[in-house]
Amino acid sequence: MQTKKIINDGSRSVDEMLEGILAAHPRHLKSAAGSPRSIIARDGPRRGKVGLVIGGGSGHEPTFLGFVGKGLADAAAIGNVFASPPPNPILECAKAVNGGAGVLFMYGNYAGDVMNFDMAAEMAAMDDIEVRTVLSTDDVASAPRDQRHKRRGVAGNFFIFKAAGAACDRMLSFDECERIARKANDHTFTMGVALSPCSLPQTRRPNFEIGPDEMEIGMGIHGEPGIARGKLSTADEITDEMLDKILDEMAPARGDKVAVLVNSLGSTPLMELYIMNRRVKRMLDDIGVSIHATWVGNYCTSLEMAGASVTLMHLDGELQTMLDHPCDCAMFRAG
Amino acid sequence: MTAIDTAGLKTMFDEISVAIEADRDRLCQLDGVIGDADHGIAMALGFGAVRDALAALDLSAIEPTALLNTAAKSFLNAVGASSGPLYATAFMRSAAAVKGKAVLEDADVVAMLQAMAQGIRDRGKADIGEKTMVDAWQPAAEAAAAAHAAGKTLTEILDAAFAAAERGAEATKDMIASKGRSSRLGERSLGHMDPGAASAVTVIGAMRKGLA
């Protein structure tokens, strides 16, 4: 049986979505001339500023293009659903935001994205644009601690891009922007749980099977299997299980500060996210960790998947400054 | 001796696009088990774009190298994903392997297969045994070279390549993925065929049909 979706033609969904987004956010976004899958910030890219290009597959909205704007990313390259963009739209983004101070590529650590962005970086070098790459690897569930470089990038992208975008907007040097981007990634930890599958517009079939009373801890944002499947438990138990893993790695001391993101994978409603956030607050209070800021909602989705993720960013003064730095994007504002 | 011209190569790509389109849902299902369920979509999209791009070429005016480079670019720009860079690199390397030839003889077809396999290995930084499409492509290229060295006909060469690819894909069921998206699964990837190896078998089967 096909899933229900409000679409026209599944193979046109990404382009039709982009048309709708540009219609909704003309003050913030435009597409690069001749490259409709390269979404560029109207305000932000400028001479002497390190350019920040993010990107990846569609289906995670508002990640990636919702975070394009002044103070955050300068451009996003848009792929098909759950598929990396090819090198060309990435290259066009780099050209559009190049201010002569270097261009930072930031995206989640997936084999396809790495190959396409690396090819784009090689092409940019031929145009005398210096590109450096910082991969996000915040998904604690996707590889053991000693193999952090193999982990996937998931909802923590939001914090990591935010910090890097602020560094770029503050006109810091290429070295400093890269350092802060890497530090932001090192300080960010995410765990997710999935309750029901999503379906691609082109197939309209559930992309994995899961029992009516089951959940999967650690499932990826494309429905990649996680670390354990179990019976669906309560919000408190799920939140505890996820936070235990995160805190075990982050190892915060009493008095440390964090930023919190409780994110819906698509169809899990705010009510459930706030119930989880209640537990996050209690647990952090218990161990004496203070919350500098909390975001709750749809930040990195997986189409209509049900489930949620919790992300903590372990803050120091510098990262806190970067998170507090104002930004004005199509789908997110701060400061 | 067979001599394959640009029309013959176009026939090969047409066969691949038909075969992959027919196999689309099975590939998505294989990918759904250990990946993100889009492999069949990406492959069908890519080879559909190749078919359309080749249809727009004046085949009498170009050499195999130009045709293969057109295939590479059209596949890459339509797909992205993992298969985009991998197959685009495969076709670019095969284009380089037959540079200057107006028609391809048996040795050129073997060189093309070897260049494709090497290109996929290089771009994906993967080796045999890591549960990827390399596990089908590499044995296929080796079997083709061995059959050619043994003086076999093109049909026999491509039969050998196809059989080796099938065995290689089958063998991925007993492998734990260490490259690509399923590598985060560890032992949970055991028992499942790698979708990239499965589609490689389909591609090589269609190449056999189109060339031999």
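Analyst: A helix here is a DSSP run of H or I with at least four residues, a strand is a run of E with at least two, and both are numbered from the N terminus. The model is predicted, with local features needing pLDDT of at least 70 and side-chain atom pairs 80 or more, while totals for chains, interfaces and linings use all residues. Residues are numbered from 1 along each chain as its sequence is written, and chains are lettered from A and ligands numbered from 1 in the order in which they are written.

User: In what order do the elements of chain B run?

Analyst: From the N terminus on, they read α-α-α-α-α-α-α-α.

User: How do you know how compact chain B is for its length?

Analyst: Its radius of gyration (over C-alpha atoms) is set against the globule rule, 2.2 Å times the number of residues to the power 0.38. For 212 residues the rule gives 17 Å and chain B has 16 Å, which is close, so chain B is as compact as a globular protein of that length. Its C-alpha atoms fill a box of roughly 50 × 40 × 25 Å along the principal axes.

User: What makes the angle between H2(B) and H3(B) oblique?

Analyst: The axes of H2(B) (residues 39-55) and H3(B) (residues 64-79) come within 8 Å and cross at roughly 135°. Angles under 35 degrees count as roughly parallel, over 145 as roughly antiparallel, 65 to 115 as roughly perpendicular and the rest as oblique. That makes H2(B) oblique to H3(B). Residues in contact (C-beta atoms, placed from the backbone, within 7 Å) include Leu45(B) and Ala49(B) of H2(B), with Ala71(B) and Phe75(B) among those of H3(B).

User: Which classes do the residues of that contact of H2(B) with H3(B) fall into?

Analyst: They divide into eleven nonpolar, three polar and no charged. Nonpolar means Ala, Val, Leu, Ile, Met, Phe, Trp, Tyr, Cys or Pro, charged means Asp, Glu, Lys or Arg, and the others, Gly among them, are polar.

User: Where do the axes of H6(B) and H8(B) stand, and which residues make the contact?

Analyst: The axes of H6(B) (134-149) and H8(B) (195-211) come within 7 Å and cross at roughly 40°. Asp135(B), Ala136(B), Trp137(B) and Ala140(B) meet Ala197(B), Ala200(B), Val201(B) and Ile204(B). By class there are seven nonpolar, no polar and one charged.

User: How many residues of chain A are in contact with chain B?

Analyst: 28 residues of chain A are in contact with 23 of chain B. H3(A) gives the largest share of chain A's side, five residues.

Technical notes: Axes fitted to C-alpha atoms, helices over the stretch in contact; angles between N-to-C directions. Contact = placed C-beta atoms within 7 Å.
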